[in-house]
Amino acid sequence: MLGEFVYHNPTKLYFGKKALEGLKEELPRYGKNVLLVYGGGSIKRNGIYDKVVAILESCGKTVTEDPGVMPNPTTEKLAEGIRLARAANVDLILAVGGGSVCDYAKAVSVSVHYDGDPWQKYFADFEDVDNAVVPVGCVLTMVGTGSEMNGGSVITNRAEKRKIGHVFGAEVFPKFSILNPEFTFTLPRYQMVSGIYDIMSHILEQYFSGEDDNTSDYIMEGLLRSLIHSAEIACKNPLDYEARSNIMWIATWALNTLIAKGKTTDWEVHMLGQAVGAHTDATHGMTLAAVSMAYYRHILPYGIPKFKRYAVNVWGVDTVGKSELRIAEEGLAAMEKWMRETGLVLKLGELGVTEAMLDGITESTLIMQGGYKVLTPVEIRAILKESL
Ligand code: NZQ
Ligand code: ZN
């Protein structure tokens, strides 16, 4: 481990079939006024809304509802949430939904007591929070982002065609998160597999960086193997509790800051995916899947030993009589085969991207410094073209 770091994760987790009981324990710690944030209505159809509202009522809370948080939440919606939260003088923001709802809740939480434009401060200028933050709690219904145990918040500015994530500090992490794997059973298959690839991408973008002997890399190989195994089971039987619960737990550990410790990290696939999202509003995990193979084949020559290690330790590629490069390439081929079988989107065209959009998407893509190859805009465009 070469880095210097502080490790502190303040989010308390309640996990399992009875996890929602934890909400009864947590609510009394906060004041009376709760902003109940949710998405487009799935929680009303699957009964989670009724269960949460019953607990809020039994705890004597005054609830203001903030429904309609869309996938890839926007600056306009954020402004609405801030208005509601201020008017209700909220003491707690309770997010019930997926990553979009959790991310949005965090964006509202840091903006309620800030008078300026939150997009400019947090998402354009990446400034730290220097005002009071309203506490956030989360009841997770979609697995993938890790938002339930991190400070990430991704907001889309449709006018500027930019989708940007701010990674906030510990004061913005959810105070608690309720993780009941059964709450994810009603997810459409497209969302389930999109989330599975989001998890894989989070791990890979921390794995493909650095060359030291880092314990985090071994943890990641274990997480990836468990993810691949459980995803295969979940795809055959989406109601397999064990597989869905493993996937939920892997998602949390993939992006709760632990496995990044002591490492540089890459994150270029996320920058490409977010730029695609800004131009198409496509489902997050699918934007990552569509650019990944072209990206990894492009950077493979700059990180052959790690790609070989990935091929052997994660995909079980046989090494006998093969060059390091061939083993590395076979690892990516195994990954691509698995992605196809899982039902992931492998081409940007399927997400509505056309060649005419590539210059704009290239312009919206942030360039990261921590991967095996720092890309140029020309390389970004070439990777996008290859992914079409
Ligand atoms: O809006 P509703 O009706 O609830 O439907 C949602 C939505 O349409 C549906 N859904 C969620 N739970 C369900 C369900 N449908 C049936 N049953 C359930 N139990 O799923 C759809 C997608 O939800 P969303 O919250 O958008 O998905 P996800 O969790 O993938 O979140 C994506 C957002 O998170 C950001 C992404 O960029 C994107 O904006 N990310 C946040 C990160 C973070 N905080 O660290 C990191 C990630 O890399 C990611 O960038
Ligand atoms: Zn992601």
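Buried means under 20% relative accessible area, exposed means over 50%, and partly exposed lies in between, with a 1.4 Å probe and protein chains only. This is a predicted model, in which local features need pLDDT of at least 70 and side-chain atom pairs count only at pLDDT 80 or more, while totals for chains, interfaces and linings use all residues. Residues are numbered from 1 along each chain as its sequence is written, chains are lettered from A and ligands numbered from 1 in the order in which they are written, and side-chain values use heavy atoms, with hydrogens and water left out.

**Exercise 1. Describe the two sides of helix 15 (residues 377–387).**

Solution. Helices (H or I, at least four residues) and strands (E, at least two) are DSSP runs, numbered from the N terminus. Begin with the buried residues of helix 15, which are Glu 379, Ile 380, Ile 383, Leu 384 and Ser 387. Seen down the axis, these residues fall within an arc of 140°, so they line one face of helix 15; the arc is that of the directions from the helix axis to the C-beta atoms. Finally, ask what the buried residues pack against: helix 10 (268–280), helix 11 (284–299) and helix 14 (358–364), where contact means heavy atoms within 4.5 Å.

**Exercise 2. Work out the order of the strands in the open sheet, and find its edges.**

Solution. Two strands pair if DSSP finds at least two bridges between them. The open sheet has six strands in the order 1-8-5-4-2-3, and their pairing is parallel. Its edge strands are strand 1 (12–15) and strand 3 (62–66), each of which pairs on one side only. From one strand to the next, the twist averages 20°, given that axes are lines fitted to C-alpha atoms, for helices over the stretch in contact, and that angles run from 0 to 180 degrees between N-to-C directions. As one pair within the sheet, take strand 2 (residues 33–38) and strand 4 (residues 92–97), which are joined in the parallel sense over five bridges; Leu 36 stands opposite Leu 94 in strand 4.

**Exercise 3. Is Val 63 buried, partly exposed or exposed, and which residues does it contact?**

Solution. First locate Val 63, whose place is in strand 3. Its relative accessible area is 33%, so Val 63 is partly exposed. Leaving aside neighbours within four places in sequence, Val 63 is in contact with Val 34, Leu 36 and Leu 56.
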